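Hello,

I am passing a structure on to you, along with some notes on what turned up in it. Have a look at it first, and then read on below.

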Amino acid sequence: MMNPMRAMATWVLLPALILALAPARPCAAGAGAAGGELPEEMDDRIMAAVERGLDHLATVQQPDGSFPESWEGRAYPAVMTSLAGLAFMANGSTPTEGPYSEQIHKAMVYLIELGENHPDGLIAGPVEMRSTYGHSFGMLFLAHCYGMEPSIEYEARIRSVLERAVELVQRGQSPRGGWLYSPTGGGDEGSTTAGVLQGLRACRNVGIKVSSETINRAVGYLRYTQNPDGGIAYSAVHRGASRPSLAAAAITCFYSAGIYDRASGGDSPESVMVDKLWRYLETATAIPEAVRGHYFYHHFYLAQAEYQRGGESWRRYYAQISEELLQMQSANGTWPGD
């Protein structure tokens, strides 16, 4: 049976990312550096919580750079390593600068080697459950590294890994436009499709060639799974009731694809779809039980959607979620999670 404290360590990742989502201090050395002013939404309590979480996270990284956390006997080393790297980056560090540069560099090398050593370019550990998640978050993290890594050797290796990773998911896209738990499985559901879309967008942002048709078909898949109430169903085949977490993920993906709601300046027919997603979320999340069991996953995506939407909606959301996370943090810097 897994040590309960190890389980808690897993949930340092997403809260730290959410709390750090407000613009970082104007200093590459990270939040702990002297000088600089905090963004309007943040205060010293939030910065201290982020640093406690990240300091704890740094202590559980393995010598090979991985974060091999597991839950109920299932391991997700590529997922956890990628999210840990993103959490360290959100605090202002890079693979070569800042208080967590060593941790980011080790995570980067670990994920590069996973992609290099797999015959078809899959970014996943040998025991990775539902490998599409590891592959997606691996693309997302390594794309961030690619834009920051000054070493010509590592830059070339990251590019090669990302090119193979993109080719893999493009080959494995389902006839309906999505992905399932293996990127080559040919099936589809909402959470994996959202993860792949974010990974592809990150790759495209740093100059990796991604087919527009692949992205358009994936956006079309999420559009197709929107239910009449505005939310997103589990999958195109097994629809069922709308799920708030998938609605938040879909909004983030639509924004990344340039599809905005009217409040954010959009006026296309697709913006009506995003408007419906927001209205659904405002109703569904008024009931706390709606996101129980997927709390951190839900806010990982909702925080991104709110941040991109901006304005009063973002300020109101961040004030609420930051207070919730501050109250939930344990003394050792971790957050308990399901």
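Of the contacts in the protein chain with a separation of 6 or more, 66% are between residues 24 or more positions apart. Please keep in mind that this is a predicted model.

The protein chain has 338 residues, and 56% of them are buried. Its secondary structure consists of 13 helices and two strands. The accessible surface of the protein chain is about 14,100 Å², with 53% of that belonging to carbon and sulfur atoms.

I then looked at one residue, Asp229. You will find Asp229 in the loop that runs between helix H9 (212–224) and helix H10 (244–256).

What does Asp229 touch, once residues up to four places away in sequence are left out? Its partners are Ser242, Lys276 and Tyr280. With Ser242 there is a polar contact between the two side chains, at 2.7 Å. Lys276 is 47 residues from Asp229 in sequence, yet their C-alpha atoms are 7.6 Å apart in space.

Technical notes:
Residues are numbered from 1 along each chain as its sequence is written. This is a predicted model: local features need pLDDT of at least 70, side-chain atom pairs count only at pLDDT 80 or more; totals for chains, interfaces and linings use all residues. Side-chain values use heavy atoms; hydrogens and water are left out. Helices (H or I, at least four residues) and strands (E, at least two) are DSSP runs, numbered from the N terminus. Contact means heavy atoms within 4.5 Å. A polar contact is a pair of N or O atoms within 3.5 Å; within protein, one must be able to donate a hydrogen and the other to accept it, and residues adjacent in sequence count only if both atoms are side-chain atoms. Buried means under 20% relative accessible area, exposed over 50%, partly exposed in between (1.4 Å probe, protein chains only). Accessible areas come from the Shrake-Rupley method with a 1.4 Å probe; for residues, only the protein chains shown count as cover.
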